[in-house]
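Me: I'm new to this structure and would like to go through it piece by piece. Can you take some questions?

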Amino acid sequence: MYRYDEFDHTLVTERVHQFRDQVERRLSGELTEDQFKPLRLMNGLYLQLHAYMLRVAVPYGTLSSTQMRKLAYIARRYDKGYGHFTTRQNIQFNWPKLEETPDILAELAEVEMHAIQTSGNCIRNTTSDQFAGAAADEIEDPRVYCEIIRQWSTLHPEFTFLPRKFKIAVTGADHDRAAVRVHDIGLQMRRNEAGEVGFEVIVGGGLGRTPVIGQTIREFLPKQHLLSYLEAILRVYNQLGRRDNLYKARIKILVRSEGIENFARLVEEEWSHIKDSALQLPEDEITRIETYFAPPRYERLEDTVREFEVKRFEDRDFASWVRTNVTAHKEPGYAVATISLKPTGKPPGDASAWQMDAVADLAESYSFSEIRVTHEQNLVLPNVRKADLYALWQSLRDVELATPNAGLLSDMIACPGLDYCNLANARSIPVAQRISERFSDLERQHDIGSLKIKISGCINACGHHHVGHIGLLGVDKKGEEFYQITLGGSADENTAIGKIVGPAFSYDDVVDAVEKIVDTYLNIRSEDEEFSDTFRRVGLTPFKETLYAAH
Amino acid sequence: MPLIKEGVLAEDSWQSLADEDELREGPIVVTLERWQSERDSLLARNTPLGVRLRSDQSPALVAEDLERFGLVALEFPKFNDGRAYSYARLLRDRYGFKGEVRAVGGVFRDQFLLMQRCGFDAFEVADKAAVEAWEKAISEISVTYQPGADARRPALALRRNRPAA
């Protein structure tokens, strides 16, 4: 993992002092709420329906056990004993007091964490593949470049007041777990014909009220030019992005109105001036950061582990957890374990302080003290010996973290919705809870197979409904909560925006509708066909027919 | 309006003219439109001249003429319209402009550091409290991660120069 040096420490500490001063100016009345708002937002502090909400950055979703313990401590000391992991690999605390937020930030700084740029019209936390470093299908560990981008983008003087927020994702694997095509900039690591590693640069993707799949602006960007190229894109966007309409201000709208060719020409022109400037990454700097992400000291193990296979044979519950929550590791004898934060009937992504502490302990015992946060709002222990999986699973079960549903129907993404958010039209979390209760039979979920349901409480699409296999969007119809259903979305390397199936369903009817969709799929799927495959084959029609037959 | 230059309250020797104002003696700042329409007569005056750009007017529009100007004023119609940060970078880094780059409009203490890092060296502020806050505002964060238009050295350069441990 990356460790702060004196420069990083100084910056984060100074930022805490700066924010403390801003909060004091607000509390003393020197600043009005209007004046304070942009300052607090730059530090991830929102004012929500009931209270302030503090969003803490988890850079590219990597946490140490020490950091996780600190999050648990903050949840206990400053919040109501829990935190909420988000779709951008961050964590939110929903009940901090304004006057205590500087203290929370000081606590975070002690463990090399912060809330810088977790909100505001600036470059947000760079996200990545939750299996980075452990995935078998990876060219290189993308977190090296995430960290380089983190530093470059932190308090970037030119890009603090962009037209709108700006999100960058990096993946090093062919199978895209970081949704790079629905980010303002997506970086897909590639090897060119000469065998050098660089980036395919994708620009202008995004969800929100105008979902757009990003387009490739450059097939191959050599590593040393990463920052100058990003700076060129951002500089073009900062000058030309729309500022007259909040909903047309993202880079995707600019790319669309300019056309990708013309936009690329503008970027390349800008880049030609700064390509060989001080932004060029020296080889030794890349090496320096790479050293931090060197693989842990894996033992040399056989890939087939007898005691693991035996337990899997003997214990059906364990086998079922392994089937969904354990993923192949690049090292023989190791595995990646996903810890589901989606138990039946609970808000997706929530973890209590004692669960966080337990995960920290387990990471220390079984995963070289490292934890990941996924954009699907789960946690991951990336480096577990297969021989330890059974013990890990038993411990997880003790703290209600062993739900065997990663990738299954109940592994839903839901935004905070009307329960917390003042933008929402409808509730999200209770819908997710009702769906998971309806499908609480895990046998049934296993039979249904890989199915991603994503729920947003409003058109801003924080729940990524556009890219759900089944997407639910909360809409307001004359003061009542309704849900528009889209089908066929996807956020992986086959990125697709879901299609609206028909008229929206009421809060009461939406769970029945989801069940009908699932039953329709089960009726028409051919053997081993996943939901998304079936949808690609048959389209909307059969689902429309069953959903609206009686109407 | 109080003006901050080199960190202190400064006398403003420039007069900013609206398009309908009569030309005056001494250093004046005119809009881009006036510069474009009265170019010859403005140059004939042979006194210092500045140009004022709205946030939708890139300095690229005056790139060829920059040596004629002693000052370029960049407007912030609102504090969160950040286009002028890029414009200042272009003036300094791309066009090598050595004159005064002045921030006008929505200019607040919490932006001083960012503005200075982008190449602004003069700041029109709403009140004198902002002048008093200057020193703290530009020094409360001492680490920079990116090359800017200012003299601060980014962490990358400092790390490379430190003695091996």
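**Working through the model**

Me: What's the relative accessible area of A:Arg312?

Reply: The relative accessible area of A:Arg312 is 35%, so A:Arg312 counts as partly exposed. Buried is under 20% relative accessible area, exposed is over 50%, and partly exposed is in between, with a 1.4 Å probe and protein chains only.

Me: Before we go on, what am I looking at?

Reply: This is a predicted model, in which local features need pLDDT of at least 70 and side-chain atom pairs count only at pLDDT 80 or more, while totals for chains, interfaces and linings use all residues. Residues are numbered from 1 along each chain as its sequence is written, chains are lettered from A and ligands numbered from 1 in the order in which they are written, and side-chain values use heavy atoms, with hydrogens and water left out.

Me: OK. Which side chain does A:Arg312 meet in a salt bridge?

Reply: That of A:Glu309, at 3.6 Å from N to O. A salt bridge is a side-chain nitrogen of Lys or Arg within 4 Å of a carboxyl oxygen of Asp or Glu. A:Arg312 and A:Glu309 are about one helical turn apart, because they are three residues apart in helix α10 (residues 306-314) of chain A. Helices (H or I, at least four residues) and strands (E, at least two) are DSSP runs, numbered from the N terminus. A:Glu309 is partly exposed too, at 33%.

Me: Where's the pair A:Arg177 and A:Asp129?

Reply: A:Arg177 is in the loop between β7 (168-171) and β8 (185-191) of chain A, and A:Asp129 is in the loop between β6 (127-128) and α5 of chain A. Their side chains form a salt bridge at 2.8 Å, N to O. The pair links distant parts of the chain, 48 residues apart. A:Arg177 counts as buried at 13%, and A:Asp129 is buried at 0%.

Me: How many salt bridges over all chains?

Reply: The count comes to 69.

Me: Switching to domains. How is chain A divided?

Reply: There are domain 1 (6-110), domain 2 (127-292), domain 3 (306-398) and domain 4 (413-548). The bounds come from an automatic or database domain assignment.

Me: How many residues of domain 1 of chain A are in contact with domain 3 of chain A?

Reply: 21 residues of domain 1 of chain A are in contact with 24 of domain 3 of chain A; contact means heavy atoms within 4.5 Å. The area buried between these domains is about 1800 Å², with 55% from carbon and sulfur atoms. Buried area is the accessible area (1.4 Å probe) that two parts lose on being put together, summed over both. On the domain 1 side, A:Met68, A:Arg69 and A:Phe85 lose the most area, together 32% of what that side buries.

Me: How many salt bridges across that interface?

Reply: The rule finds three between domain 1 of chain A and domain 3 of chain A. A:Asp357 and A:Arg76 also meet in a salt bridge, at 2.7 Å from N to O. The elements that give two or more residues to the domain 1 side are β3 (62-64), α3 (65-78) and β4 (82-85) of chain A, and α3(A) gives the most, with seven residues.

Me: And chain B? How many residues of chain A are in contact with it?

Reply: 42 residues of chain A are in contact with 33 of chain B. The two chains bury about 3400 Å² between them, 55% of it on carbon and sulfur atoms. In chain A, A:Phe7, A:Pro157 and A:Phe161 lose the most area to chain B, together 22% of what that side buries.

Me: How many salt bridges between chain A and chain B?

Reply: The count is 11. A:Glu231 forms a salt bridge with B:Arg89, with the closest N and O atoms 3.8 Å apart.

Me: Where does B:Val143 lie?

Reply: B:Val143 is in the loop between α4 (128-139) and α5 (155-161) of chain B, and counts as buried at 9%. Leaving aside neighbours within four places in sequence, B:Val143 is in contact with A:Phe7, A:Thr10, A:Leu11, A:Glu14 and B:Ala155.

Me: Last one, A:Ser153. Buried or exposed?

Reply: A:Ser153 counts as buried, at 5% relative accessibility. A:Ser153 is in helix α5 (residues 143-153) of chain A. Apart from neighbours within four places in sequence, the contacts of A:Ser153 are A:Gln117, A:Ile123 and B:Gln146.
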